[in-house]
Amino acid sequence: MMDRYTILLVDDEEEVIQAIMKKINWESLGFSVIGYACNGVKAFEMVEEFQPDVIMTDIRMPYMDGLELSNRIKAEYPAAKILFFTGFDEFEYAKEAVHLEVEEYVLKPINSVELTNVFTQLKNKLDQEISEKRNVEILQKYYMESLPLLQADFYVALIEGRVSKEEIQRYLLDYQLSFPGPYYSCLVIHTSSSQAPEQMNPMLLSTSVHKQAVEHLGEKWRAKCFSYLGNTILLTQLKGQPEITELTDDCDRFCKYARRMIGAVVTIGIGQVCANILELPQSYGSAREAVSYRSIYGASRAINLKEIVPQKAARRDSMENELSVLFKMIRLGSEEDVKKAAGQYLDHMSFPQKTLEQYEIDIMELISAFYRFTVNNDITLDDFSGDIRKLYSRLLDLDPDMMYNWLTDRCLFLRNTIISVRNSSTKSFVLKAKEYVHNNYENEELSLDFVCEILGVSNSYFSTIFKKETGSSFISYLTDYRMERASCLLIETNEKSYMIAKKVGYTDPNYFSYVFKRRFGVSPSKYRTEHSDRES
């Protein structure tokens with residue numbers, strides 16, 4: 001169970017909030033106030049950032065009232081608990097909003113005894129919900145009652161590529177399965193066993209993640225769920241290829257939910273989209289590879305290989321295990337890792353024990369694998385730009401030491417090129433986003449979703465990279481830029497504040513004034529007066 005639950009207080013009267021904070025001994029009740037907001041817009045920003053367990057909000061507030069705030073919170077963070085505290089004249093109006101699933105309605109003025117009772121009951125309810133999620137007996141029972149064995153065997157055979165075109169319809173009919181699609185993507189959900197909560201069996205923790213994944217992702221994405229090689233696998237179905245960005249964002253939110261609610265460190269690899277379930281082995285392979293990128297991009301998040309490896313078709317080459325390891329090290333490893341993998345691959349070739357014919361086949365396979373790798377990654381390697389037959393003849397003449405030098409040189413070149421492309425790609429779309437803001441900041445519809453749709457990336461990946469490159473969130477950057485433009489217009493023109501607000505993307509002049517004052521510490525009119533005085 002969690003030692004302390006977080007609560008966000010929302011009211012446009014700061015004295016009311018201060019009174020609530022002082023009247024209640026939150027720590028003894030098992031709660032911690034993470035902050036407060038004076039309007040619904042600011043409150044929702046804080047909910048997105050901190051994801052509090054409980055939001056206690058007034059109804060009547062500027063910019064966004066409590067009902068609209070509750071609707072948005074329930075839509076995006078359904079696990080959050082909401083309490084209304086309001087005046088008597090709004091009480092019946094609030095109670096009509098039963099679809100919001102509000103936990104309690106508390107009348108002003110706030111009574112400390114009544115409020116203590118409300119939060120005591122709410123604490124018990126939260127404890128019970130988490131207890132159910134972590135209950136060992138429930139987890140063991142669920143583990144024993146997982147998907148029927150025949151269906152699970154079929155899913156495994158499907159992602160391993162052991163189901164033929166001729167057999168597929170018979171399997172679907174016999175096992176009462178439906179895959180209407182029309183598009184598919186495989187998810188690999190990896191739960192860290194080394195970062196499990198104390199006294200929690202890693203197997204039981206993984207089972208809990210499996211159950212929560214089915215509940216949060218299964219229905220929406222019409223997913224087939226099963227366990228394979230220690231991971232949870234979801235075979236998801238999409239209505240169109242562009243839905244992959246929405247799926248990525250949903251998975252990213254689930255990773256954060258699992259970390260907060262059950263203490264699990266979860267990484268989800270998003271496989272390439274395919275239009276035929278017989279192509280799911282390629283999707284599974286790319287999803288597994290995406291999970292391995294957690295060493296670069298971090299755990300507790302979703303990783304879409306197509307986003308993080310630009311201009312690369314996310315698929316695995318069919319080759320011997322050592323060759324697979326070598327190319328994995330080229331993408332992910334250090335220089336020493338690459339050299340070690342190259343040596344292990346050459347040892348696998350075992351020159352003295354092989355016939356000349358076997359050695360020639362190995363060389364052909366190596367050249368073919370390198371060629372596919374360079375093409376898939378849009379890399380030009382001089383050795384492969386000319387006559388491949390000449391390269392083949394040249395490699396046959398190299399002794400073991402010369403062969404090792406050739407192989408490591410090419411592998412290190414590929415590694416450095418991929419790192420350069422990856423870095424330039426992330427910087428490129430951050431620059432594109434900034435440029436788009438500079439050219440379109442006056443558009444009131446401009447938002448994170450809007451920019452991500454134009455760039456063709458998921459919100460979660462874009463937000464991570466944008467903050468890493470700029471040090472601020474996209475919304476903060478957009479707001480700061482709009483405020484800088486507004487400040488210039490106030491000094492350089494005589495236009496009214498409401499006209500300037502519209503020119504920088506704000507339809508509500510009152511909200512524009514609120515944001516401006518939060519940025520510069522004074523109202524727009526006072527800012528203009530102060531700077532006019534300085535110039536005169």
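Select E13 to start: at 34% relative accessibility, this residue counts as partly exposed, a label for anything between buried (under 20% relative accessible area) and exposed (over 50%), worked out with a 1.4 Å probe on protein chains only. Before you go on, note that this is a predicted model, where local features need pLDDT of at least 70, side-chain atom pairs count only at pLDDT 80 or more, and totals for chains, interfaces and linings use all residues. Residues are numbered from 1 along each chain as its sequence is written, and side-chain values use heavy atoms, with hydrogens and water left out.

**Stop 1: around E13**

E13 sits in the loop between β1 (5–10) and α1 (14–23). Helix and strand labels here are DSSP runs numbered from the N terminus, with helices being H or I of at least four residues and strands E of at least two.

**Zoom out for a moment**

Of its 536 residues, 48% count as buried. The accessible surface comes to about 27200 Å², and carbon and sulfur atoms own 48% of that; the areas come from the Shrake-Rupley method with a 1.4 Å probe, and for residues only the protein chains shown count as cover. As for contacts (heavy atoms within 4.5 Å), take those between residues at least 6 apart in sequence: 68% of them join residues at least 24 apart.

**Stop 2: M46 and Q51**

Go to helix α3 (residues 40–50) and pick M46. At 9% relative accessibility, M46 counts as buried. Setting aside neighbours within four places in sequence, M46 is in contact with L8, G35, Y36, A37, Q51 and P52.

Next, click on Q51, in the loop between α3 and β3 (54–57). Q51 is not a glycine, yet has a positive phi of about 45°. Q51 is buried too, with a relative accessible area of 15%.

**Stop 3**

Look for Y63 in the loop between β3 and α4 (66–76). With a relative accessible area of 32%, Y63 is partly exposed.

Then jump to P182, in the loop between α9 (168–174) and β6 (183–191). Show the backbone here: a cis peptide bond joins G181 and P182, with omega about 5°.

**Stop 4: α10 against α11**

Select helix α10 (residues 202–218) and helix α11 (residues 243–261); their axes come within 11 Å and cross at roughly 140°. That makes α10 oblique to α11. Axes are lines fitted to C-alpha atoms, for helices over the stretch in contact, and angles run from 0 to 180 degrees between N-to-C directions. Under 35 degrees counts as roughly parallel, over 145 as roughly antiparallel, 65 to 115 as roughly perpendicular, and the rest as oblique. To see the contact, show side chains for V209, Q212, A213, H216 and L217 of α10 and D250, C251, F254 and Y257 of α11.

**Stop 5: α15**

Helix α15 covers residues 321–332, and its end C-alpha atoms are 16 Å apart, which agrees with the 16 Å its twelve residues should span at 1.5 Å a residue. The expected span is 1.5 Å times one less than the number of residues. Colour the buried residues of α15: L323, L326, F327, M329, I330, R331 and L332.

**Stop 6: α20 and α21**

Helix α20 (residues 448–455) and helix α21 (residues 459–470) have axes that come within 10 Å and cross at roughly 100°. That makes α20 roughly perpendicular to α21. Here L448, D449, V451, C452 and L455 in α20 meet N459, F462 and S463 in α21.

Helix α22 (residues 474–492) has 19 residues and reaches 27 Å from its first C-alpha to its last, close to the 27 Å expected. Among its buried residues are F474, Y477, L478, R482 and L489.

Bring in helix α24 (residues 509–520): its axis and that of α22 come within 10 Å and cross at roughly 95°. α22 and α24 are therefore roughly perpendicular to each other. Finish by showing T479, D480, M483, E484, A486, S487 and L490 in α22, which meet F512, V515, F516, R519 and F520 in α24.
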